[in-house]
Structures are given as structure tokens and as C-alpha cells.
Amino acid sequence: MPPFLQFVIRRFMAIPISLLVITMILYGGVMLTPPEARSSLYLPETRRNLTEEQLERLQEIIIKRYHLRDPYLVQYALWARTLFEGTWGYSPTLNEYVLPALLRRTPATLELALYSLLLLIPSGLVSGVMAGWRRRGLFDRGFRFLAFLSTSTPQFILAIVLLSIFYINLNWFAPGRVGLSYRLETSEASFIAYTGMLTIDSLLNGRIDIMGDVFRHLAMPVFTLSIYHWATLGRVARVSVMGEEKKEYVIAARARGLMERRIVWKHIFHNTLTPSLTSMTLSAASIVTGVFVAEIIYDINGISSIILSAMSGAPDAPAALGFAIYSVIIILLLMFMLDVLQAILDPRVREGVLKT
Amino acid sequence: MNRTRLFFRRWQNWLSLLLIFAYVLVAIAAPYLSPHNPKEPGPYMRVGRASEAQPSPPREGVPLGTLPRNIDVYHALVWGSRDALSFGLVVAASSALFGILYGAFSGFVGNRLGTLMMRVADSFLAFPAIAGLVFLQQLYGTTITAMGGIYFERRAFDFTGPISAIQFLLEHVNPLMLSLIVLSWMPYARLVNSIVITLTQTDFVQAARALGGSAFWIIHKHLLPNSTGPAMVLAARDVGGVVVLQATLTFINIGGDSVWGSMLAQGRNWILGPGGNLLTYWWAFLPPTLAVIVFGIAWNMLGDSLSDSYFLR
């Protein structure tokens, strides 16, 4: 097996370990509640048709079957097994099982996150490097000002301003996933959902007009999401460039008569990747929280919408627990992708991981 | 040059301290700046009929106008700063305290246990705050329902029987506060852990060990004083970040009870509704917005200036 593939596999195997720790902690939280409350994690779909008495008997059966009065580890093991085989419990507020509900809403979330990352990673790295290279220059001043503005404007306030200007007053962009007339079309049988991501699906179905409309709806959430993390990423890249210009390899490159542009983009750029992408890995959780917030504000029916109903109505433990686990899985995968990206782009990291 | 003098050399540092001082002053003087209506204490004070849906502009006795249902903007703004400041400080201080102790201990014991402890801390990094908040509140709600109580508008009603541990906890502790503390101690732990690992190799700690000092004594006497500085930088930024997050979650109605966030949520339809405009009802939008933004900026600037003057020179 090629060593790089070995690294990817080894890094991937770290995901279940983190997941184990987190689910153990989560179930530790669940253990604080009485067994009757815990049984709601296993209540089936038929619960709505039961009388009070039947429900209580059912609860008793579940408590016995899943050993809900036994020690923590027994309960945890039984519950963890249902995560692999089951449907993650029936959510009374959604009227469906949690895992299918999450999976169905994933493409919308993925689409939003994907475009934001595609926008913010290149722009953050490039603008950060440019600002750091000509420190205190005009571009650097502009960059620092913009970065300051965007990190100090909370996401929801930016969203209010954008919605008010570009939706209500100008009507250039709009919240939601797609316009009303197109929404009917995209749910018809003739519109084949290959990926669930509307931008790609509409292209595959040959409907450029739908794609345009989807982008019109994506513009504001993608901008809101990217601008904050663009600034954080750019700042890290800028700081890591600042230390580099006095380094020997830069002086050597200069002495060889290389063009300034080539020194920056061929030599220094690679050295800024590691700290920048590491900082992104560390803030992966806040990026995903940002995705959820953007979804809710811009009314996108992504995976965060399953907690909206749970938070406003009757308590819904399966939905909350499923949402927590699912978002942790997403974050772990995001961290994994960033680590692999870093190994692909940075030769030092690649050699480091290949040696061990 | 001495650190304190270095700190006061830049105007940004002055400004951040001044702004924070202003918030603290408003928070302390809230009862004098805007006394409570004895009939309905709390940050939201009505200054007219509750049936009035339209926000009214500033007038005599209501310096910043009202939100829908005649809620006084100025009153909520003043009391909101007390709320925000205490929330931010409690979360930052608790997570810093826990993180520092955790990191110091895991760095000091080293070996397998230390590595395992840091692995656990790293796992926490993959947990989003929003999921933690939802999870905690749902636990609370489910517990109440399972024990025969009624769960309505995120509070317990008509509850009979003995109170369990989690009920007591969540009834007296703000769930958002708890989940933010649980989810923001890891950076401190990582930071202090790496500092402590470096320090344990230095001569003065080795000497303390050779003298037969106990683990607790060495951590307390030598390791903690050397790592609190960088942790303070993190804590200062946390105070601002946590309050902004609280306002965000309140605004999108996921839980959390930030006064400023709730003000924006209440005025939302007049800013964002049909024909809404940022400027027409500026008093429903600008005061809470500026309060949140300036709060975040002030603490962030304090963090930046602390890190500049303490650690980079």
C-alpha cells in the first residue's frame, strides 16, 4: 500500500475514537435523567396511538429490554449498538425517525458548507499572504480593516443587514433554498435528484435557470458564513508570512535572482499552509455552528431544522441526541478532510506523516 | 520595559479598557440609570399599553423609544449590559479555571494518563456549542415530562415529586452557560498543557522535584503562575465571543436568554418585515446591535493588546 494512503487510513481511524469519547460523555449526560425519561430514546412510532396506561407498560418493557436500570457501561453498550443498526429513535415533534430525517436534510447543509469553504479557503490564504508580504502597505491596511470589521460583526447582525438591504429593499437575493415556482419543479418526479444538492442537480438536469435561482438564494448565507472565517484564516496566514521573509531560504531564493512573485507563491506560500489549516481544523466546530445559524436565519431546510421544532414544542430527546451525534460526525469528517488537505499541500507534513 | 508601562503605550489598549470600564460602570449603576418598575422587575419594562404592536420613536421619558408592546429600549439596554457582563465573565472564568487545572495536571503527570487526558480534551473540540445547548435543554424537558411535570416554554410547570440532580442543576444554572463552559475549556487546557510540558524540563521545576515537593505544591507554586498570562489572553477574547454567541442563539430562538439578542428578535419584524427598513425603526435596531458589537470588539481588543504587550516582546 502506498504510504500516503496508509496515512489517510490511519487518520481516518482516529475518527471512531473521538466519536467513542463523545458518545460516552453524551450518554453520561443522559444517565442523569430517570430511567423513564431514558426510555423515550427507544419509543417506537406507534407511541402516538397508545393510551397513558399502555405507554407506561411499554416504557417498563423498554426499560427491561435495554437494561435501563443497569450500570452505565451496560446501558451505553446497548445504546451504542442501536446507533449502528437502528434509526436513532423516533422523534415525536418531527413524526419520523431521526436518522432518515437527518440524512434527507444533509445535502442542503452540505451544499451551503461546501460553497462557503470553497470561497473562504483560497481567498483567506491568498489575501492573508499578500497582506503579510507587504506589511503595513496599502493592501495590508485594507485587509486588516476588513478583517477587523468582519470578525467583530456577529453573524446574525450581518444577516439582518444583508436581508434588509438585498432582500427586502433591493430584492437581489433571497432567503430559503429556491424560489417558490422552482421549488415545485424540483420536487417533481421529472427532476431527478442525483445528489440532493440543488446546484449540481439542476445542472445535471440541464436546467441552468434553476441553478441561477439556487445561487441567488445561496449568495447571502454563503457570504455571511465565509466572511468571518475568511478573516480568521487570513490573519493566521498573514502572521505566518511575516516571520518568513528573513528566513534563509527566502534570502537564498533572492540571491538566485528569482522573481519576487515566484518567491512568495512558490516558496513562502507552502510554509503558511500548515498553521492556517491547523487553525481551521481547530475552529471546525465553530464553522459548523455557523452553518447551522446561517441555515436557521436564512430559512434553509438543512439538518439544523430538526432541532427548531424540538426546541419550540414538547421535549424531544431523540432528535436532540441524534442532532448532537450527527453534527459531531460532520465536524470530525471536516477535520479529517482539512488534515488530509494539509498533507497533500504541505510537503513537510507529508514527509512527517510518512516517516512515522 | 516593564509590562504595565508597555501596555499603556498604545491607544488601542487604552480604548479597550475604557470601553470595558464603561460597560462595567453601566452594569453596576443600572438601578440608578434606569430604576425598575416595582410591579414588573426584569430587563423588559413596559411604558404603555402592551397591545401596541408598532415600535414608537424616542419621546420624553423614553430616551431610546420602544420595541413592539411598548418595551423600553433604554431600560433593556442598560440591564442587558449587566446580564451580558456577568454571563461572559462567569463563562470565561469558569472555563479558564477548569481548563488551566486540567491542562496543568495532565501536563504534570505526563505519560499515558496525560496523553489520554489531552485526547479527551481534543474530542471536546469536535462538539458544537449549539448541539450542547439543545441537548442539555432537551434532557431537562424530557426529565420533567417523564416525572409527570409539564414542560412549557422551556420551563417546568406543575411539577410533583422529588427533584432529580439534573433538574436541580438546570433549574438553577443557565443551560447555555453550562454548555458553553463545558465546551470552551479545551483551548486553556491545551495551552497550559504545552507550557507545563516545556516547563517541567526546566531547571527550577527539576530542582523543586529534587527537593521532594509534592505534585500539588509544584503545580501551584511553579507551574500555574507561569501559565496564567497566556490563559488571560484567551479568557479576555472568550468574554466577548461568548456574549456574541449568546445573543446569536437567542436571536434564532434556540434557547439562551441574552437581553440584547432578545431585543433584536422582538424588533425583528419591523426591521425585516415587509417594507421593513434599517433606518425607519433605527431605535429598535441600532442600540442593541451596537451594544453587542462594541462589547465583542472591546474584549477582543483587550485580548490582542494583552498578547502584544505581554508575550510577543
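1. Let's start in a loop: A:R136 sits between helix 5 (98-133) and helix 6 (138-152) of chain A. Helices here (H or I, at least four residues) and strands (E, at least two) are DSSP runs, numbered from the N terminus. A:R136 isn't a glycine, yet its phi is positive, about 65°. It counts as exposed because it has 9 C-beta neighbours inside 10 Å. For the cut-offs: 20 or more other C-beta atoms within 10 Å of a residue's own make it buried, 12 or fewer exposed, and anything in between partly exposed, with C-beta atoms placed from the backbone.

2. Before going on, some housekeeping. This is a predicted model, where local features need pLDDT of at least 70 and side-chain atom pairs count only at pLDDT 80 or more, while totals for chains, interfaces and linings use all residues. Residues are numbered from 1 along each chain as its sequence is written, and chains are lettered from A and ligands numbered from 1 in the order in which they are written.

3. A:N171 is another one to look at: a non-glycine with a positive phi of about 60°. You'll find A:N171 in the loop between helix 7 (155-169) and helix 8 (180-187) of chain A. With 9 C-beta neighbours inside 10 Å, A:N171 counts as exposed.

4. Is helix 3 of chain A covered or in the open? One of its 14 residues is buried, so helix 3 of chain A lies largely in the open. This helix (residues 52-65) reaches 20 Å from first C-alpha to last, close to the 20 Å expected at 1.5 Å a residue; the expected span is 1.5 Å times one less than the number of residues. A:E56 belongs to helix 3 of chain A and, with 13 C-beta neighbours inside 10 Å, is partly exposed. Its C-alpha is 8.7 Å from that of A:E36, 20 residues apart along the chain. Just after the helix, A:H67 takes a positive phi of about 55°.

5. On to the interface: 42 residues of chain B are in contact with 48 residues of chain A, contact meaning C-beta atoms, placed from the backbone, within 7 Å. Helix 6 of chain B gives the most to chain B's side, with 13 residues. By class, that side has 27 nonpolar, 15 polar and no charged residues. (Ala, Val, Leu, Ile, Met, Phe, Trp, Tyr, Cys and Pro count as nonpolar, Asp, Glu, Lys and Arg as charged, and the others, Gly among them, as polar.)

6. Helix 6 of chain B is mostly covered, with 17 of its 18 residues buried. Its end C-alpha atoms are 26 Å apart, which agrees with the 26 Å that 18 residues should span at 1.5 Å a residue.

7. Which residues touch the most other members of the largest nonpolar core? They are A:A320, A:I331 and B:V134, in a core of 175 residues. Such a core is a set of buried Ala, Val, Leu, Ile, Met, Phe, Trp, Tyr and Cys residues joined through C-beta atoms within 7 Å. Leaving aside neighbours within four places in sequence, B:V134 is in contact with A:I307, A:M311, A:A320, A:F323 and B:I254.

8. Lastly, chain B overall: its secondary structure comes to 13 helices and four strands, and 45% of its 313 residues count as buried.

Conventions
Contact = placed C-beta atoms within 7 Å.
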